[in-house]
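I opened this notebook to keep track of what I looked up, one entry per topic. Have the structure open beside you as you read along.

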Amino acid sequence: MDNSRTLLLVGVSTRALAASVCRSGYRGPLLTLDFFADTDHPLRCRRLALGRDVPGPLTTGVLLRAAIALEPGAVMFSGGMENHPRLLARLQERSRVIGNSAGSVDALGNLDTFLRFLGCHELPYPRTWVLPEPGRPIPVAAVRLARQGRLLWKPRHGGGGVRIRDVCPERGWIGALPRRGYLQEKIRGVSGSVSFVADSHRYRVLGYSQALHDPVVLKIPGHAYGGSLLGPPEEWLSTRARRTLERAAGAATQAFDLRGLNGIDFVLDRGVPRILEINPRFTASMELIEEASGQSLFALHRAACERGRLPGEDVTGLGCKGFSRGSHRQRWRGKGIVYALERTIAGPPGQLQKVGARDVPGSGTLLRQSWPVCTVYATGATAAKCREALKQCGCAVRQLSGFQSRIRSAS
Ligand SMILES: Nc1ncnc2c1ncn2[C@@H]1O[C@H](COP(=O)(O)OP(=O)(O)O)[C@@H](O)[C@H]1O
Ligand SMILES: [Mg+2]
């Protein structure tokens, strides 16, 4: 098939990005390739699922290889692809990549380079230790934190928080930890993300969102990404904290030659944002910014990448100058991922769509335990109310009769 005029969107899940492309008014041929090929992609886009339409195991590397083989005229990548800078380099030799270069992605993904960057710019981050060679002692400070339940093991190339583990001295301790990772102090605070668009020199903040992590109430497995909440930034971030994050966005834009959409993940440590990572691509929380502002983030991305054009300051109305849009009850808006508690088979999509869910799988799709089933949406006057409303939506999904009986029969 000739894809030379096609725009391909590739990532673990592409539904929200496809919606953004359509919102921008883009009229050319559009193709998506991801793990799910959910039923609610915009009608005019052709969608391919890895493992169903394209052979291969569900890994991000296989996904990106499949994208290269499609030889699209243009391509935009989203979540998961940043872990494969070498494949991105091959992709950009064959197709026009709208977004960050493989070189930028590679540099950002190198832990030593990234920590050096943070240190040089005096940007705060949690205490971090690269794992020593087997047999060498673990730093005393890390051991102390582990004993207090305040140490994490993180993979060098992660994604969606799914492989992050609490280090527990009782459970075989450090010898059992995979080497291709690092240890980091676990900060007990709200985590979040700042989204921005850049033109390799300058940047514009698009919005600040909180990340949802709640294994008890929302039944999110471990440290997995559970969704996001978007609301007035001044309600949870001080001016100083926002300045630090803006400084990080500006410094990273220049140091890593960032273009288009990017997100910085952080965790608040008594009000100080400690930086965790930079995602050099469209992120999951950007969908909320798009809906709250009515702006197509793909349009902003493309203008920045292709014409070096940035929007005016506070283009979304969601940045530092306050939160202008929506009624009082919609001041906060959120999305929450509903994870499968057991291995299950998806019921008819209409049921999930009726309760306002998105990223809805096709009927009969096998959903493994701890895999996302769908995404639910809610609004609220406060972050707490929005969270509560998301929880209710999550419960409503789990109680769908067809869905539940299928859970039992599939195990
Ligand atoms: N040092 C930390 N302290 C507390 N929470 C953390 C820390 N590192 C990661 N997390 C939690 O795990 C989530 C994912 O971490 P992140 O570093 O962004 O990795 P990933 O690449 O998997 O998204 C964060 O949003 C945060 O909630
Ligand atoms: Mg992250």
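**Entry 1: the parallel sheet.** I began with an open sheet of 5 strands, paired in parallel and ordered E3-E2-E1-E4-E5. Its edge strands are strand E3 (46-49) and strand E5 (96-97), each of which pairs on one side only. I count helices (H or I, at least four residues) and strands (E, at least two) as DSSP runs, numbered from the N terminus. For two strands to pair, DSSP has to find at least two bridges between them. Strand E2 (residues 30-34) meets E3 in the parallel sense over 4 bridges. I looked up one bridge there: Leu31 has Arg46 in E3 as its partner.

Before going further, a note on the source: this is a predicted model, in which local features need pLDDT of at least 70 and side-chain atom pairs count only at pLDDT 80 or more, while totals for chains, interfaces and linings use all residues. Residues are numbered from 1 along each chain as its sequence is written, and chains are lettered from A and ligands numbered from 1 in the order in which they are written.

Entry 2: Which strands does helix H2 lie across? I found helix H2 (residues 60-70) across strand E1 (7-10), E2 and strand E4 (74-77), and H2 runs at about 175 degrees to E1. Here contact means C-beta atoms, placed from the backbone, within 7 Å. The axes are lines fitted to C-alpha atoms, for helices over the stretch in contact, with angles from 0 to 180 degrees between N-to-C directions.

**Entry 3: the antiparallel sheet.** Next I traced an open sheet of 4 strands, antiparallel in its pairing, with the order E6-E9-E7-E8. Strand E6 (128-130) and strand E8 (165-166) are its edges, each pairing on one side only. E6 and E9 run antiparallel and are joined by 3 bridges; Trp129 stands opposite Leu183 in E9. E7 and E9, also antiparallel, share 5 bridges, and Leu152 has Gln184 in E9 as its bridge partner. Helix H6 (residues 140-147) lies across E6, strand E7 (151-155) and E9, at about 110 degrees to E7.

**Entry 4: domains.** I noted domain 1 (7-98), domain 2 (127-185), domain 3 (191-325) and domain 4 (331-410). These bounds come from an automatic or database domain assignment. The C-alpha centres of domain 1 and domain 2 are 33 Å apart.

**Entry 5: ligand 1.** How many residues surround ligand 1? I get 19, the closest being Gly158, Gly161, Ser191, Asp265 and Leu276. To be near, a residue needs its C-beta atom, placed from the backbone, within 6 Å. Strand E9 (181-185), strand E13 (259-269) and strand E14 (272-279) each give two or more residues to this shell. Domain 2 and domain 3 each supply at least three.

**Entry 6: overall.** I finished with the C-alpha trace, which spans about 55 × 55 × 50 Å along its principal axes.

Technical notes: Contact = placed C-beta atoms within 7 Å.
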